[in-house]
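I opened a new notebook page for this protein.

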Amino acid sequence: MQSGSDDHLKQLTQQLAALMTENNHSLATAESCTGGWLAKCCTDLPGSSAWFDRGFVTYSNEAKHTDLHVPNNILATFGAVSENTAIAMAEGALINSPASLSVAITGVAGPDGGTASKPVGAVCFAFTAKNKQTTSLTQHFEGNREMVRRQALVTALQGIIKNARDAVNSMG
């Protein structure tokens, strides 16, 4: 997988912007390990206010619970880095905003914090849209903290683009 140069991130974000604008979608992001970088990619584009609604940066478990209403039992049972938590984050972002699509990213960017079951580079994603089933996936990225985070951004942007296309196709 490409590490996600600034140009590549910008191209993906421009592709997303065109798709969101054409189809009158709006986006909310729920980020943990990327610390708002996805929201920054979106808002770096002029005109993003037409389709980017808001970004939640919920780094701590408390923030995930308070801001996105991730149930404490999900955090206690599965941990912050889990597809269960990513799903709850994405759904919480959608419920707590007027956006039509949302994405969540939670992972272990490193260099510390990894475990045998959740090593550094493990990142969970979830994608959802109004009246649509939430999808999730886990990726394992190689490299240092910045490389893991960049790869997470690429995966998130590609997933949002796919989710936005699916939402349009299911309405057509």
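**Entry 1: Overall fold**

I read the order of elements from the N terminus as α-β-α-β-α-α-α-β-β-β-α. I counted six helices and five strands. I kept in mind that this is a predicted model.

**Entry 2: Size and packing**

I looked up the extent of the C-alpha trace, and it spans about 45 × 35 × 25 Å along its principal axes. Of the 172 residues, 51% are buried. I then took the contacts with a separation of 6 or more, and 65% of them join residues 24 or more positions apart.

**Entry 3: Surface and charge**

I noted an accessible surface of about 8,000 Å². Carbon and sulfur atoms hold 50% of that surface. I found 12 positive and 14 negative charges, with mean positions 2 Å apart.

**Entry 4: Helix 5**

I turned to helix 5, which has 13 residues, 83-95. Its first and last C-alpha lie 18 Å apart, close to the 18 Å expected. Which residues of helix 5 are buried? I listed Thr85, Ala86, Ala88, Met89, Ala90, Gly92, Ala93 and Leu94. Their cover includes strands 1, 2, 3 and 4, and also helix 3 and helix 4.

**Entry 5: Thr29**

I picked Thr29, which sits in strand 1. Why does Thr29 count as buried? Its relative accessibility is 0%, so Thr29 falls under the 20% cut-off. Beyond its neighbours within four places in sequence, Thr29 is in contact with Leu38, Ala39, Phe52, Arg54, Gly55, Phe56 and Val103.

Note on methods. Residues are numbered from 1 along each chain as its sequence is written. This is a predicted model: local features need pLDDT of at least 70, side-chain atom pairs count only at pLDDT 80 or more; totals for chains, interfaces and linings use all residues. Side-chain values use heavy atoms; hydrogens and water are left out. Helices (H or I, at least four residues) and strands (E, at least two) are DSSP runs, numbered from the N terminus. The expected span of a helix is 1.5 Å times one less than its number of residues. Buried means under 20% relative accessible area, exposed over 50%, partly exposed in between (1.4 Å probe, protein chains only). Contact means heavy atoms within 4.5 Å. Accessible areas come from the Shrake-Rupley method with a 1.4 Å probe; for residues, only the protein chains shown count as cover. Lys and Arg count as positive and Asp and Glu as negative; His and the chain ends are not counted. The place of a charge is taken as NZ of Lys, CZ of Arg, CG of Asp or CD of Glu.
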